[in-house]
Amino acid sequence: MRTPIGMNRRRFVQLGAIATASAAMMPGRARAATPQTLPALPYAPAALEPHIDARTMEIHHGKHHAAYVAGLNAALEKAPDLAMLELDDLLADLPSVADESLRTPLRNHGGGHWNHTFFWEIMAPAVQSGAPSEKLAAAIAADFGSMDDFKKAFNEAAAKRFGSGWAWLVLKNGKLKITSTPNQDNPLMKGLVPDADLGTPLLGLDVWEHAYYLHYQNRRPDYITAWWNVVNWPAVSKRFEEASK
Ligand code: MN3
């Protein structure tokens, strides 16, 4: 068996074991080595207005997210074995990709594809935004004091992220934590984001300028404040309950 470009033999064998175990024990975890595709937005581009404008959504999804998908597929063409891993598993095991010229595009474009797919799903039109489930509301109160304290801390993480990146709510060892990551990194990337609290992402906010500049220009705090109106709380609550099992 040939070791793929950029991977040492030991890690390749381990990843092979992951893929095999996934196929045998966890239905749905192994995937066919077909190209990644751009998922459709779960709502119309104008559906999040006035909080996020249609043109921003069109460019963000149709150009930026599409470019991450294309970049990821270009990288995976050089590593067909990695193309058979679920993206979550690939991102969690990136340090095992020894070749930096392969690992870097997998990190940037794989992270970009994962993060944006997640981002569209945890937003909804304001009228469908809803509220956290009882269990999630109780966890927020237990771990942050109150909903207001939670939002304040999250807003601070989002506002203070220097340059481009993301703010996150994650579940880590049964506790809710707020963290932030640079670029297209995310809390799944073990061993790559030393300053971040790694865990299961429940909520994430894109604070790249491309996410808000057309409508908000340099006013990132205004974008952050408006964004809370379009958080899909039923979807976030569902992720929390699944991660808590
Ligand atoms: Mn973005």
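Gln217 is partly exposed, with a relative accessible area of 32%, where partly exposed lies between buried (under 20%) and exposed (over 50%), taken with a 1.4 Å probe and protein chains only. Gln217 sits in the loop between helix H7 (213–216) and helix H8 (220–227), and its phi is positive, about 50°, although it is not a glycine. The model is predicted, so local features need pLDDT of at least 70 and side-chain atom pairs count only at pLDDT 80 or more, while totals for chains, interfaces and linings use all residues. Residues are numbered from 1 along each chain as its sequence is written, and side-chain values use heavy atoms, with hydrogens and water left out.

**Overall fold**
- The protein chain has 9 helices and 3 strands, these being DSSP runs numbered from the N terminus (helices H or I of at least four residues, strands E of at least two).
- Along the sequence the elements follow the pattern α-α-α-α-α-α-β-β-β-α-α-α.
- Of the 245 residues in the protein chain, 47% are buried.

**Manganese site**
- The manganese ion has as protein donors His60 (NE2), His116 (NE2), Asp206 (OD) and His210 (NE2), which lie 1.9 to 2.1 Å from it; donors are N, O and S atoms within 2.8 Å of the metal (3.2 Å for Na, K and Ca), and water is not among the atoms, so sites may look incomplete.
- The spacing of these donor residues in sequence is H-x55-H-x89-D-x3-H, and both Asp206 and His210 are buried.

**Helix H2**
- A kink of about 30° in H2 is centred on His60, the bend at a residue being the angle between axes fitted to the seven residues ending there and the seven starting there.
- Helix H2 (residues 54–77) has 24 residues and should span 34 Å at 1.5 Å a residue, which agrees with the 33 Å between its end C-alpha atoms; the expected span is 1.5 Å times one less than the number of residues.

**Aromatic rings**
- There are 15 aromatic pairs, counted where rings of Phe, Tyr and Trp (its six-membered ring) have centres within 6.5 Å, with planes under 30 degrees apart called stacked, over 60 edge-to-face and the rest tilted.
- Phe144 and Phe150 make a tilted pair, 5.2 Å centre to centre with 40° between the planes, and both residues are buried.

**Backbone details**
- Most residues other than glycine have a negative phi, and most peptide bonds are trans.
- The peptide bond from Glu49 to Pro50 is cis, with omega near 5°, and Pro50 is found in the loop between helix H1 (9–25) and H2.
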